[in-house]
Amino acid sequence: MGKLSAAITAVGAYVPNFVLTNKMLEGMVETNDEWITTRTGIKERRILKPEEGEGTSYLAIKAAEDLIEKRRLDPTEIDLVMVATATPDTLVASTAAYVATKIGATNAFGYDLLAACSSFLYGMSTAANYVQTGRYKKVLLIGADKMSSIVDYTDRTTCIIFGDGAGAALFEPNEEGLGLQDEYLRSNGVGRNYLSMDAGGSLMPASMETVKNRKHYIYQDGKSVFKFAVSNMADAAARIMEQNALTHEDVAWLVPHQANKRIIDATANRMGLDHAKVMMNIQRYGNTTSATLPLLLADYEDQLKKGDNLVFAAFGGGFTWGAIYLKWAYNK
Ligand code: UT7
């Protein structure tokens with residue numbers, strides 16, 4: 001038997017019903033459709049309203065159920081459920097434990113993985129390593145975020161960017177050498193000065209003061225984050241190509257985190273990649289944090305072919321960033 005690799009064998013997705021358009025945002029903060037479109041590439045995003053459902057787990061469960069139904073998977077066969085998220089339902093109790101129970105994964109254990117917009121990318125590495133040990137056969141990785149729960153809708157620098165959504169991917173052993181091939185993952189703690197939600201953690205527990213001072217919302221110094229993101233995401237993608245002697249012709253798809261179209265374009269340019277090979281859905285969903293990568297896979301699943309070389313790249317708060325090289329394992 002050859003060396004075991006870990007392949008993605010199914011994907012699922014869910015976005016909530018409510019559509020928040022740029023036009024609607026014009027009535028909420030001082031902004032306009034033209035500015036948002038040219039500076040970010042975003043036209044609309046989805047928001048989970050209480051009348052539809054509550055919490056990140058609602059989105060994660062829907063995405064997992066979509067995968068389970070499409071794949072006709074028996075959920076009791078799942079060994080591990082990981083929820084990559086920056087907005088867990090609650091602190092302390094893992095959202096993944098609740099999600100696993102709700103989807104009927106009664107033989108699984110579950111926990112959350114938190115690395116801002118790189119949560120799903122890091123989670124891919126974790127999921128693949130569990131599978132490669134040979135001990136776990138079915139690992140369900142869900143990227144889910146209800147960003148609307150921490151966005152300040154009076155702050156035009158953040159509220160135009162983020163949206164809610166979830167996507168899921170199943171990792172299974174593969175003996176044909178398909179699946180995750182290589183990774184380049186990095187972090188730099190300087191990042192928490194530029195992109196953070198200051199209160200609610202152990203550093204600044206919730207108080208009347210923190211609520212009054214709006215410290216429970218996400219804050220970002222957009223310009224600085226943009227600079228770090230452009231150079232590091234592009235650098236990580238270029239490095240993973242170098243490490244694996246991949247030319248732009250070898251790469252079938254770039255699967256980039258959807259934070260800003262300009263960051264995505266810079267990454268594709270650095271890779272020398274034709275823009276037709278770049279997955280993009282930022283115009284419809286905005287930045288869904290941990291959900292962007294699996295939402296792309298679900299949207300482009302029909303076009304993916306067995307053996308395609310995919311380069312995933314992400315950058316997020318922390319800072320956290322990196323790239324992963326994966327060979328796609330199935331034709332739909
Ligand atoms: O996913 C995790 C990480 N997050 C990111 O990667 C986000 C990275 N940052 C960005 O995507 C961009 O920095 C933003 C989209 C947040 C902002 O775009 P920018 O091109 O960096 O704009 P800026 O902050 O440099 O602001 C340019 C101008 C300013 O006006 P003045 O000072 O030039 O008169 C802002 O006040 O645009 C103004 N502005 C806006 N105008 C209309 C800022 N936000 C808005 C807005 N609508 N929503």
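A residue is taken as near a molecule if one of its heavy atoms lies within 4 Å of that molecule. On this criterion the shell around the ligand holds 23 residues, of which T31, R39, K223, N260 and N287 come nearest. The model is predicted, so that local features need pLDDT of at least 70 and side-chain atom pairs count only at pLDDT 80 or more, whereas totals for chains, interfaces and linings use all residues. Residues are numbered from 1 along each chain as its sequence is written, and side-chain values use heavy atoms, with hydrogens and water left out.

For R39 the distance is 2.7 Å, for R156 it is 2.8 Å, and for R262 it is 3.0 Å. The ligand on its own has 950 Å² of accessible area (Shrake-Rupley method, 1.4 Å probe), and the protein covers 75% of this area.

The shell around the ligand comprises 10 nonpolar, eight polar and five charged residues; here Ala, Val, Leu, Ile, Met, Phe, Trp, Tyr, Cys and Pro count as nonpolar, Asp, Glu, Lys and Arg as charged, and the others, Gly among them, as polar. Two or more shell residues come from each of α2 (33–40), α6 (156–159), α8 (222–243) and α9 (261–271), with α8 giving the most, four residues. Helices (H or I, at least four residues) and strands (E, at least two) are DSSP runs numbered from the N terminus.

Pockets were located on a 1 Å grid over the protein atoms alone, as open sets of points with protein on both sides within 12 Å along at least five of seven lines; lining residues have an atom within 4 Å of a point. The ligand takes up the space of the second largest pocket, a molecule being assigned to a pocket if more than half of its atoms lie within 2 Å of the grid points.

The largest pocket has a volume of about 1,100 Å³. It is lined by 35 residues, with A86, L114, I150, S196 and M197 nearest its centre. Two or more lining residues come from each of α3 (55–71) and β9 (195–196).

Key. A polar contact is a pair of N or O atoms within 3.5 Å; within protein, one must be able to donate a hydrogen and the other to accept it, and residues adjacent in sequence count only if both atoms are side-chain atoms. On a 1 Å grid over the protein atoms alone, a cavity is a set of points where a 1.4 Å probe fits but cannot get out, and a pocket is an open set with protein on both sides within 12 Å along at least five of seven lines; lining residues have an atom within 4 Å of a point. Grid points are joined across faces, edges and corners, and a volume is the space filled by probe spheres set on the points.
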